[in-house]
Amino acid sequence: MVTAVTGGTTRTVDDARVVAETVTDPELPMLTLADLGVLRDVRVDDDGTVVVDITPTYSGCPAMGVMRADLVHALHRAGFADVDVRTVLSPAWTTDWISEAGRRKLAEGGIAPPGRAPVRAAGPVPLQLGPTRRTADCPLCGSADTVEQSEFSATACKALRRCRSCGEPFEHVKEI
Amino acid sequence: MAHEETVYDALANAADDHGHWAFGTGFDDPLAGVDTTVPEGVDPADLGTYCLMLGDDALVLAQRLTQWVTASPELEEEVAVANVALDLLGQARLLLARAGSTGVLGRSRSQATDSIPDEDALAYFRDPDEFRNTGLVEAPGGDFGRTVVRLLVASTVRLALFARLRGSRDPVLAAIAAKGVHELTYHRDHAARWVLRLGDGTAESHRRAQEGVDAVWPLLADVLTPTDVEQRLVDAGVAVDPAGLREEVEGVLTTVLERATLTVPAWPAATAPRGRSGQHGPELAELVAEMQSLARQHPAATW
């Protein structure tokens, strides 16, 4: 078993993974990076460096730098001296990578989780001229009678909806 | 872990050589850990120049769209335009970083301080004649009608290109394209729905949408003719031949315009590529000067 460089005690890759899996998303703090599907791999190199792979959600996600800093900081604080956080671009992230636990935590936090991501074929992308048909149950009262207010919202990944039953507005993580 | 009190605390406490996260600090390399080896048989300078072309298209259009922030017709649209611009800015960062990894830095590297990462050096310390974007994205946005028509045309061209680029022999370009396709799909659909709404709306919105179409269509002349660099990379299996995009682009645009009750102008005659060769109008110099002003006045600033 490859062990990581720490302050004297022997730590395994499993220990490092446990630490990395506790780091939360800066914009959806109810989710860990593991719940979000952004944390792709944790391993220990031959020289004892903890290597963490993360993947961006959107090309312009401004939180990548913070995620990287949080991961390095958490692992340092847990005693792992050498940490290397690497970007993995392929395959591209989709909302299907959000775990079941992540979907539950989103709903508990008042944000409707995404449905299934659209299926993408290899050829030309078909044009969609009608409104994007999304459905989302209200995370506050559970009603299915909700309507999209704005396709874009405070962060790239969310749309704004309103519940017709309880009248409350809420955010919805868009399928991508 | 206990989350830091604020993002700024987390950044300030980051065990990094540079304790800040902002322009010029080198805090975050968008390609950190990505294998940037140039595929065999490909000229690194060609690959880098091609990445500048695609990156500059995104950077310049993002800048044009951002000019609508605080000036959009409604709050929701302002958020939408800012989100689309942010996606494009992210694509630009990845592509300019890829260009930098091939060593294609022009005069920028000698003007930027060492701590500035390649993608920032390329964005902030190149002169306008070193930009490789097409004339389609640099033209002023005009009114909102012209803006959404240009966004429709530009995202239709870029989506058709990126869908094909997913098969590039350069795995970095292929990955950037695969990611970009998800985003460009809703950029194009969003713009198309606005063109429908304006074209098939009131007499005034129809008039403005048609004026937008008539102003944007001639710009297509600068988009679909390959440069020598693109041609060599097409032959090497790395790039997409823009001439091969016409059928799909024309089909999509005609569908949208006809549904919007707008008149489809004649397709412009192809010209020798201007923007891709570094020939730009005075509008680009103005845009670049504004975008670069802070970085050039304070080249070593961190905050």
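Colleague: In this predicted model, which residues is B:Asp200 in contact with, leaving aside its neighbours within four places in sequence?

Modeller: B:Asp200 is in contact with B:Val195, B:Arg259, B:Ala260 and B:Thr261. B:Asp200 itself belongs to the loop between helix 8 (171-199) and helix 9 (203-216) of chain B.

Colleague: Why is B:Asp200 called exposed?

Modeller: The relative accessibility of B:Asp200 is 52%. Exposed means over 50%, so B:Asp200 counts as exposed.

Colleague: How far apart are the C-alpha atoms of B:Asp200 and B:Glu74?

Modeller: They are separated by 19 Å, and the two residues are 126 residues apart along the chain.

Colleague: B:Thr261 is one of the contacts of B:Asp200. Why is B:Thr261 called partly exposed?

Modeller: B:Thr261 has a relative accessible area of 42%. The class in between runs from the 20% limit for buried to the 50% limit for exposed, and B:Thr261 is therefore partly exposed. Its place is the loop between helix 11 (246-259) and helix 12 (282-297) of chain B. B:Thr261 also has a positive phi, of about 60°, although it is not a glycine.

Colleague: What is the phi of B:Thr70, and is B:Thr70 buried or exposed?

Modeller: The phi of B:Thr70 is positive, about 80°, and this residue too is not a glycine. With a relative accessible area of 70%, against a limit of over 50%, B:Thr70 is exposed. B:Thr70 sits in the loop between helix 2 (44-66) and helix 3 (75-101) of chain B.

Colleague: Turning to chain A, why does A:Glu175 count as buried?

Modeller: A:Glu175 has 17% relative accessibility. A:Glu175 lies in the segment after strand 9 (169-173) of chain A.

Colleague: What makes the approach of the side chain of A:Glu175 to the side chain of A:His172 a polar contact?

Modeller: The distance is 3.4 Å, and the cut-off for a pair of N or O atoms is 3.5 Å; the pair therefore falls within the limit. The side chain of A:Glu175 also reaches the backbone nitrogen of A:Gly115, at 2.7 Å. Not counting residues up to four places away in sequence, A:Glu175 touches several residues, including A:Thr95, A:Pro114, A:Arg116 and A:Arg134.

Colleague: How do you know that strand 6 and strand 9 of chain A are paired?

Modeller: Two bridges join strand 6 to strand 9, and the strands run parallel. At least two bridges are required, so the strands pair. In one of the bridges, A:Ala112 has A:His172 of strand 9 as its partner.

Colleague: In what order do the strands of this open sheet stand, and why do strand 6 and strand 7 stand at the edges?

Modeller: The four strands of chain A follow the order 6-9-8-7, with mixed pairing. Strand 6 (111-112) and strand 7 (146-150) each have a single partner strand, so one side of each is left without a neighbour in the sheet.

Colleague: Which peptide bond is cis?

Modeller: The bond from A:Ser90 to A:Pro91 is cis, with omega near -5°. A:Pro91 occupies the loop between strand 5 (83-87) and helix 4 (100-108) of chain A.

Colleague: Which residues lie nearest the centre of the second largest pocket?

Modeller: A:Pro118, A:Arg120, A:Gln128, B:Thr185 and B:Asp189 lie nearest its centre, in a lining of 26 residues. By class, that lining has eleven nonpolar, five polar and ten charged residues. The space in the second largest pocket is about 560 Å³.

Notes. Residues numbered from 1 in each chain as written. Chains lettered and ligands numbered in written order. Heavy atoms only, no water. Buried < 20%, exposed > 50% of the residue type's maximum accessible area, 1.4 Å probe, protein only. Polar contact = N/O pair within 3.5 Å; in protein donor to acceptor, adjacent residues only side chain to side chain. Contact = heavy atoms within 4.5 Å. 1 Å grid on protein atoms, 1.4 Å probe; cavity = no way out; pocket = protein on both sides within 12 Å on 5 of 7 lines; lining within 4 Å. Points joined across faces, edges and corners; volume = space filled by probe spheres on them. Nonpolar A, V, L, I, M, F, W, Y, C, P; charged D, E, K, R; others polar.
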